[in-house]
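Welcome to a short tour of a protein chain. Have a look at the picture below, and then we will walk through it part by part.

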Amino acid sequence: MSANHDLQNMSGYFDPASEPADTSFGGSEEPVRVNPIPRVTVHSFCLTEETMRVAEAALEDRRMAKAHLKVDMGGIPAAISTFSQAPTPNLIIVETSGARENVLASLDQLAEYCDAGTKVIVIGDVNDVMLYRELIARGVSEYLITPVSVFQLIGAIGQLYADPEAEPLGRTIAFYGVKGGCGASTIAHNGAWSLAHNLQSEVVVADMDLPFGTAGLDFNQDPLQGIFEAVSSPERLDETYLDRILSKCNEHLSLLAAPATLERTYDHSEQTFEQVVDTMRASVPMIVLDIPHTWNAWVRNTLLNADEIVLVAEPDLANLRNAKNMVDLLKQMRPNDRPPHLVMNKVNVPKRPEIKPEEFAKALGLRVQAAIPFEPQLFGTAANNGQMIAELDGKSAVSRLFDDLAQSVSGKVQPSRHARSAIGGLFSKLTRRAG
Ligand SMILES: Nc1ncnc2c1ncn2[C@@H]1O[C@H](COP(=O)(O)OP(=O)(O)O)[C@@H](O)[C@H]1O
Ligand SMILES: [Mg+2]
């Protein structure tokens with residue numbers, strides 16, 4: 001971090017180009033992708049209601065589930081009076097106000113009571129590079145300027161405990177059908193293929209439907225045990241072992257296939273898939289999780305922890321009821337994350353009365369990410385051939401819908417937006433020069 005920058009712009013925890021969300025979810029910011037924050041104790045002393053609300057929201061966030069965070073008011077004076085009588089936690093967060101001298105003097109006083117190993121984050125209302133330098137010189141870990149967002153706060157805490165090498169590389173994208181057979185796996189596989197092909201990024205598809213998964217069929221791979229081996233011998237699971245159980249579909253796409261056999265039952269616990277997902281996140285940039293339509297503790301846990309969620313639905317009433325329940329639950333479990341991406345599938349089945357995709361989305365407070373038509377000939381042939389739609393007919397409109405979906409879940413800025421902002425930048429330079 002260079003102190004020459006404007007401090008307000010230094011936090012950089014969000015992607016300014018991400019889509020503005022139109023619902024009451026966490027809004028437009030790219031949620032921070034930090035490893036879950038470890039079991040540290042954090043005590044924060046706020047001055048303003050606004051910062052306190054942010055701290056409380058951070059406390060509730062899924063990434064903070066293991067940490068213990070206490071939120072109080074009173075700023076540095078309250079911290080001093082607390083810690084003059086009690087040991088300090090792993091991390092103290094103090095909000096300050098006003099001029100450099102006062103802030104530094106009161107911090108020095110607080111430092112007298114800090115146990116070795118306690119880290120300090122300061123939140124302040126002055127954008128002052130000198131203050132920032134002096135704070136860092138005193139061993140303060142980070143200085144954040146109000147108004148602080150939940151993401152900045154969690155990101156700053158995450159940074160303190162993240163081993164730079166352990167930073168999760170992988171983005172997990174969970175595909176979930178709100179009703180059985182709505183096409184979630186088909187969308188997941190085609191989306192994954194487009195991700196790998198268009199972004200030239202390594203993608204792994206994990207088929208989490210152990211008894212019935214179709215990823216092996218769809219990608220024309222021999223029956224394999226991939227994911228079963230991963231979950232049944234967690235003690236052996238590391239990146240080398242993962243490489244051995246993946247089957248390669250093409251240059252950038254690999255599959256962790258489901259056995260799709262019934263000689264045993266698959267009774268997963270809530271944490272069954274956690275380790276395999278974490279191992280993939282450490283070594284693969286994009287992980288597509290093809291989750292079956294069931295409702296168990298492990299499904300809930302997998303959705304809770306995914307970076308992005310794609311909900312697939314057909315345009316009828318039962319799908320709408322289920323989607324509404326799911327969206328409400330996700331909002332409650334992941335208040336600081338972006339809303340799920342909604343894919344309407346099998347739209348326009350002949351003679352079927354349907355809810356219009358836009359109306360369906362509106363009832364959920366979402367927008368339609370893609371409305372994929374019912375095309376039994378196209379999808380049926382692709383499935384029978386073990387091909388993706390883009391391989392069968394790269395020019396079809398459906399294939400472009402998968403390209404857009406891949407772009408959107410990848411978190412990468414659209415190339416067209418890059419171009420637009422470059423032109424915008426040039427334009428503002430010209431007008432400035434002219435003025
Ligand atoms: N848009 C579509 N048009 C026609 N058939 C489709 C479409 N999407 C999926 N299908 C077909 O629907 C069936 C169920 O799809 P699948 O992806 O297995 O659903 P899920 O994973 O939700 O259970 C498959 O035969 C698939 O080929
Ligand atoms: Mg499926």
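## The chain as a whole

Among the contacts in the chain with a separation of 6 or more, 77% are between residues 24 or more positions apart. Please keep in mind that this is a predicted model.

The chain has 435 residues, and buried ones make up 41% of them. Its secondary structure consists of 17 helices and 13 strands.

Which residues touch the most other members of the largest nonpolar core? They are Phe 175, Val 205, Leu 256, Val 288, Leu 289 and Val 312, out of 75 residues in that core. Helix H6, which covers residues 184-199, gives the largest share of this core, with seven residues. Apart from it lies another core, made of 40 residues, including Val 54, Ala 67, Leu 153 and Ile 154.

Once its neighbours within four places in sequence are left aside, Leu 256 is in contact with Val 204, Val 205, Ala 206, Asp 207, Gly 226, Ile 227, Ala 230, Ile 245 and Leu 246.

You can find Ser 247 opposite Leu 255 of E9. As a general point to remember, side chains in a regular strand alternate between the two faces of the sheet.

Now turn to strand E1, residues 41-46. Is E1 mostly covered or mostly open? E1 is mostly covered, with five of its six residues buried.

E1 is joined to strand E2 (residues 68-73) by six bridges, and these strands run parallel. One pair to look for is Cys 46 with its bridge partner Met 73 in E2. Between E1 and E2 the chain passes through helix H1 (residues 49-60), and this β-α-β crossover is right-handed. E1 also runs parallel to strand E3 (residues 91-95), to which four bridges join it. Here, Phe 45 stands opposite Val 94 in E3.

## Around ligand 1

How many residues surround ligand 1? There are 18, and the closest are Gly 177, Gly 183, Ala 184, Ser 185 and Thr 186. H6, strand E12 (341-347) and helix H14 (376-385) are the elements that give two or more residues to this shell. Sorted by class, the shell around ligand 1 contains seven nonpolar, nine polar and two charged residues.

## Backbone details worth a look

A cis peptide bond links Thr 146 and Pro 147, with omega about -5 degrees. Pro 147 sits in the loop between strand E5 (142-145) and helix H5 (150-161).

Two residues other than glycine have a positive phi to look at. For Ala 260, phi is near 50 degrees, and this residue lies in the loop between E9 and helix H10 (274-283). For Lys 346, phi is near 55 degrees, and its place is in strand E12. Lys 346 is buried, because 24 other C-beta atoms lie within 10 Å.

Ala 116 lies in the loop between helix H3 (100-111) and strand E4 (119-124). With 5 C-beta neighbours inside 10 Å, Ala 116 counts as exposed. Its C-alpha atom is separated by 9.0 Å from that of Thr 88, which is 28 residues away along the chain.

Tyr 143 is part of strand E5 and counts as buried, because it has 26 C-beta neighbours inside 10 Å. Leaving aside neighbours within four places in sequence, Tyr 143 is in contact with Val 122, Gly 124, Tyr 132 and Leu 135. From Tyr 143 to Asn 127, the C-alpha distance is 9.7 Å, across 16 residues in sequence.

Technical notes: Residues numbered from 1 in each chain as written. Chains lettered and ligands numbered in written order. Predicted model: local features only at pLDDT ≥ 70, side-chain atom pairs only at ≥ 80, totals over all residues. Core = buried A, V, L, I, M, F, W, Y, C linked by C-beta atoms within 7 Å. Buried ≥ 20, exposed ≤ 12 C-beta atoms within 10 Å, placed from the backbone. Contact = placed C-beta atoms within 7 Å. Pairing = 2+ DSSP bridges. Near = placed C-beta within 6 Å. Nonpolar A, V, L, I, M, F, W, Y, C, P; charged D, E, K, R; others polar. Right-handed = clockwise from strand over helix to strand, strands pointing away.
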